[in-house]
Amino acid sequence: ADQRGQAQTLLYQGNVYSDLSKFDQARVCYERAASLSTSLGDKREQAITLVADARLQVRRGEYQRALN
């Protein structure tokens, strides 16, 4: 399977979960997407995933965690 495609799909799936306020599922998707992006050395996709995860933390009211 195409790991880059898997990472992007997990990112998009995380975005949908976040929009549905299913924050725990979103977080799992973002963590898996970040892990795949890291293993692929895809810094752009890594950055996009980290920003999505930070936005999720803000939605949860975890402002300090979002900054880290």
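In the predicted model, Tyr-30 touches Leu-11, Gly-14, Asn-15, Ser-18, Thr-49, Ala-52, Asp-53 and Leu-56, residues up to four places away in sequence being left out of the count. In soluble globular proteins, nonpolar side chains tend to be buried together.

The packing of helix H1 against H2 was examined next. The two helices pack at an angle of about 160 degrees, and their axes are 8 Å apart. Because angles over 145 degrees count as roughly antiparallel, H1 and H2 are therefore roughly antiparallel to each other. Their crossing is left-handed. On the H1 side, the contact is made by Gln-3, Arg-4, Gln-6, Ala-7, Leu-10, Leu-11, Gln-13, Gly-14, Asn-15, Tyr-17 and Ser-18. The H2 side comprises Phe-23, Gln-25, Ala-26, Cys-29, Tyr-30, Arg-32, Ala-33, Leu-36, Ser-37 and Leu-40. Classified by residue type, the contact of H1 with H2 contains eleven nonpolar, eight polar and two charged residues.

Gly-14, one of the H1 residues in this contact, is located within helix H1. Its relative accessible area is 0%; since buried means under 20%, Gly-14 is buried. With residues up to four places away in sequence not counted, Gly-14 touches Ala-26, Cys-29 and Tyr-30. Between Gly-14 and Arg-32, which are 18 residues apart in sequence, the C-alpha to C-alpha distance is 9.7 Å.

Helix H1 (residues 3-19) also packs against H3, at an angle of about 15 degrees and with the axes 11 Å apart. Angles under 35 degrees count as roughly parallel, and H1 and H3 are therefore roughly parallel to each other. H1 passes H3 in a left-handed crossing. Gln-8, Leu-11, Asn-15, Ser-18 and Asp-19 of H1 meet Glu-45, Ile-48, Thr-49, Ala-52, Leu-56 and Arg-59 of H3. By class, the residues of the contact of H1 with H3 are four nonpolar, four polar and three charged.

Ser-21 is placed in the loop between H1 and H2. The phi angle of Ser-21 is near 60 degrees, a positive value in a residue other than glycine. With a relative accessibility of 43%, Ser-21 counts as partly exposed. Gly-61 occupies the loop between H3 and helix H4 (63-67). This glycine has a relative accessible area of 36% and is partly exposed. The C-alpha atoms of Gly-61 and Val-51, which lie ten residues apart along the chain, are separated by 15 Å.

Methods
Residues numbered from 1 in each chain as written. Predicted model: local features only at pLDDT ≥ 70, side-chain atom pairs only at ≥ 80, totals over all residues. Heavy atoms only, no water. Contact = heavy atoms within 4.5 Å. Axes fitted to C-alpha atoms, helices over the stretch in contact; angles between N-to-C directions. Helix = DSSP H or I, 4+ residues; strand = E, 2+ residues; numbered from the N terminus. Parallel < 35°, antiparallel > 145°, perpendicular 65-115°, else oblique. Left-handed = near helix turned anticlockwise from the far one by under 90°. Nonpolar A, V, L, I, M, F, W, Y, C, P; charged D, E, K, R; others polar. Buried < 20%, exposed > 50% of the residue type's maximum accessible area, 1.4 Å probe, protein only.
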